[in-house]
Amino acid sequence: MNWWKEGVVYQVYLKSFYDLNGDGIGDLKGLISKLDYLKRLGVDIIWLNPIYLSPNIDNGYDIADYQNISPEYGTIDDFKILLNELHKRDMKLIMDLVVNHTSDQHKWFSERKKEFYIWKKGIEINGQILPPNDWKSAFGGSAWEYDEIEEEFYLHLFAKEQPDLNWENKEMRDLIYKMMNWWFEIGIDGFRMDVINQISKVEGFPNGSENYFNAPRLHDYLKEMNKKSLSKYNCMTVGECHKITPEIALDIVHPDRNELNMIFHFDMLKLDKGITRWDSKKFELLELKEIVRKWYVLFEEGGWNSNFLTNHDIPRAISRLGNDKKYHKESAKLLALLNISLPGTPYIYQGEEIGMTNADFVSIEEYRDIDSINYYNEEIKFQDKNLILQKLAKKSRDNSRTPIQWNNSLNAGFSTGTPWIKVNENYKDVNVEKNILDENSIINYYREVLSYRKSNKELIYGNFIEFEKDNPSLFIFERTYKNETTLILLNFSEEIQELNKNLDSYKLILSNYNLVNNRLMPYEARLLKKY
Ligand code: TEU
Ligand code: CA
């Protein structure tokens, strides 16, 4: 049995999860105190965003020491207690592996182990020194930073404080595998791998962003990593892959190739993306259905899907794809059923289980994310301030990073101190305690769907058959495995929709409405079992 196929992942952005010591920052002890809550929800695997020592330029994705826990989160002993407590509950833990880059505070960089990074001479034109090529940092500006002492540039595909590692260097690679094995020996169960399809760069560093995604040596590195580390453990791996192609994705996850178990593709970012990633467009269900179909068909050749609707980089799913006001409960439940019943392993992002919404920040001072702040500082030179703030309110990564709303007390019960980022003002309405007390709550719907998935294996191993493929409002599909069939009915529109399917041979298991007939109400989400 592959535990990572049957399990459901819950992503913990520790900084915003639960602050036990009152310094305003979520911590390991806080997480430990909430494990029974997570167990009761019905999730099996925790993915922890980076908790390593870090100057926090990019909230922990800039790692200064891979083998140390950041003091604001706790100690390595706290971490071992967390692991032990999880394993006692028959749960697993995967860590974030960030090895495309380190922090500039990492000793490899500060002690100038130049061969571990990517240093290049600039191009001299009329006495001016220009960067080696046109590559751009994901957070704005050139991906090259000039160093006065070295008289060279180093590459950083993210912030300038996040220099890219040189994967051509074998000594560096071996140290990474050794570090991974060190974590496995402590007892972790796997890794989510940050921007893993960017670790290889096209030889000669030619212009064009296509040259730092999916570059040729990626598969060599993953195979080597598998051989020297992953294959020695019963572990789970999922690689974060922006701009991935189906061919390369299949090569990464095909079981015969011994690379990774799963990838995250980001096709669903297109659903509400306008001209640039800061602009929006209306979400069309037909596009979502096409994406689901494409990846289902692809991985039938070998491989396994991963399903998620948001994460710490993406605004809240309900605010993007549902209606976080008029149909708050209904659309949160619909998205829950979608995410958990599609083929693949579901990933739930913290707070989704209570329908947490976008942050609704109104001033730049409320933002913490480097990507958002850089965008603001750059655009303010050309655009109207309110327009920029409107874009940030829809697209900023901070939308999904506000503290978990535990109850209706001060700071939503997240912290007795001052939270590092503002709590969403809707916490009196949207919080865990209220959800638990209300039988018809979003969290109870999650619990029911998750427990159904555990005991009805067709939701895990079943095929995927669609009905009314061209219907722009309804997503209807069946999953069958060993003569057991589950039918899913989802109305993505805000209008009542007629149902053309005869339901005589099905038994209703779960719905997000009380009245159930041959029409689907706005955002109605029904789960039925075939007799
Ligand atoms: O994200 C990779 C990435 O490309 C996105 O962050 C993207 O650039 C961003 O969402 C802008 O829209 C991973 C991590 O998930 C992210 O938190 C880190 O900032 C980034 O890598 C660098 O490590
Ligand atoms: Ca704390």
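In this predicted model, an oxygen atom of ligand 1 lies 2.8 Å from an N or O atom in the side chain of Asp194. Such a polar contact is a pair of N or O atoms within 3.5 Å. Arg277 also reaches ligand 1: a polar side-chain atom of Arg277 is 2.6 Å from a ligand oxygen. For the side chain of Arg192, the distance from an N or O atom to an oxygen of ligand 1 is 3.1 Å. The protein covers 91% of the 490 Å² of accessible area that ligand 1 has on its own (Shrake-Rupley method, 1.4 Å probe).

Now look at the shell. It holds 17 residues around ligand 1, and Asp58, Asp194, Arg277, His312 and Asp313 are the closest (near means a heavy atom within 4 Å). Nine of the shell residues are charged, five nonpolar and three polar. Here Asp, Glu, Lys and Arg count as charged; Ala, Val, Leu, Ile, Met, Phe, Trp, Tyr, Cys and Pro count as nonpolar; the others, Gly among them, are polar.

Next come the rings. The whole structure has 40 aromatic pairs. Rings of Phe, Tyr and Trp (its six-membered ring) pair if their centres lie within 6.5 Å; planes under 30 degrees apart are stacked, over 60 edge-to-face, the rest tilted. Phe184 and Phe191 pair edge-to-face, at 5.3 Å centre to centre and 75 degrees between the planes. Phe184 and Tyr233 are stacked, at 4.5 Å and 15 degrees. Phe184 is buried because its relative accessible area is 5%, and buried means under 20% (1.4 Å probe, protein chains only). Phe191 is buried too, at 0%.

Residues are numbered from 1 along each chain as its sequence is written. Side-chain values use heavy atoms, without hydrogens and water.

Notes
Chains lettered and ligands numbered in written order. Predicted model: local features only at pLDDT ≥ 70, side-chain atom pairs only at ≥ 80, totals over all residues. Polar contact = N/O pair within 3.5 Å; in protein donor to acceptor, adjacent residues only side chain to side chain. Buried < 20%, exposed > 50% of the residue type's maximum accessible area, 1.4 Å probe, protein only.
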